[in-house]
Amino acid sequence: MLHIINRKPEEGATGAFNHFALRGTGLLAFLDHLRARAIEFKAAPVADTADSQVHFFDPNGVKVEMIFAERVDPSLLT
């Protein structure tokens with residue numbers, strides 16, 4: 001899926017390219033994987049869906065969004 005939005009580029013590492021999104025499975029295992037590698041992330045439920053999303057930056061500074069068709073206790077997302 002490609003989101004094309006007409007707006008001013010944000011400041012930061014991703015520049016005019018904001019981010020790309022992928023669907024994944026195994027939300028909690030994925031979060032453990034990021035934590036084990038000390039990769040900073042932000043995770044949250046997606047409003048009005050049963051999905052959760054995780055945002056982080058790849059080694060080149062590009063923002064990555066992972067979407068999981070899973071809902072867990074919010075305390076597990078930090």
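Which residues make up the largest nonpolar core? In this predicted model, that core has 12 residues, namely Leu27, Phe30, Leu31, Leu34, Phe41, Ala43, Val54, Phe56, Val64, Met66, Phe68 and Leu77.

**Core composition**
- Helix H1, strand E2 (41-45), E3 and E4 each supply at least two residues of this core, and H1 gives the most, with 4 residues.
- Phe41, itself a member of the core, touches Leu31, Leu34, Arg35, Val54, His55, Phe56, Leu77 and Thr78, when residues up to four places away in sequence are not counted.

**Aromatic pairs**
- The count of aromatic pairs comes to 2; in one of them, the ring centres of Phe30 and Phe56 lie 5.8 Å apart with the planes at 55°, so this pair is tilted.
- This pair links distant parts of the chain, since Phe30 sits in helix H1 (residues 27-36) and Phe56 in strand E3 (residues 52-57), 26 residues apart.
- The rings of Phe30 and Phe68 have centres 5.5 Å apart and planes at 45°, and this pair is therefore tilted.
- Here too distant parts of the chain are linked, with Phe30 in helix H1 and Phe68 in strand E4 (residues 63-68), 38 residues apart.
- Phe30, Phe56 and Phe68 form one aromatic cluster.

**Burial of the cluster**
- Phe30 has a relative accessibility of 18% and so counts as buried, while Phe56, at 13%, counts as buried as well.

Conventions:
Residues are numbered from 1 along each chain as its sequence is written. This is a predicted model: local features need pLDDT of at least 70, side-chain atom pairs count only at pLDDT 80 or more; totals for chains, interfaces and linings use all residues. Side-chain values use heavy atoms; hydrogens and water are left out. Rings of Phe, Tyr and Trp (its six-membered ring) pair if their centres lie within 6.5 Å; planes under 30 degrees apart count as stacked, over 60 as edge-to-face and the rest as tilted. Buried means under 20% relative accessible area, exposed over 50%, partly exposed in between (1.4 Å probe, protein chains only). A nonpolar core is a set of buried Ala, Val, Leu, Ile, Met, Phe, Trp, Tyr and Cys residues joined through side-chain atoms within 4.5 Å. Contact means heavy atoms within 4.5 Å.
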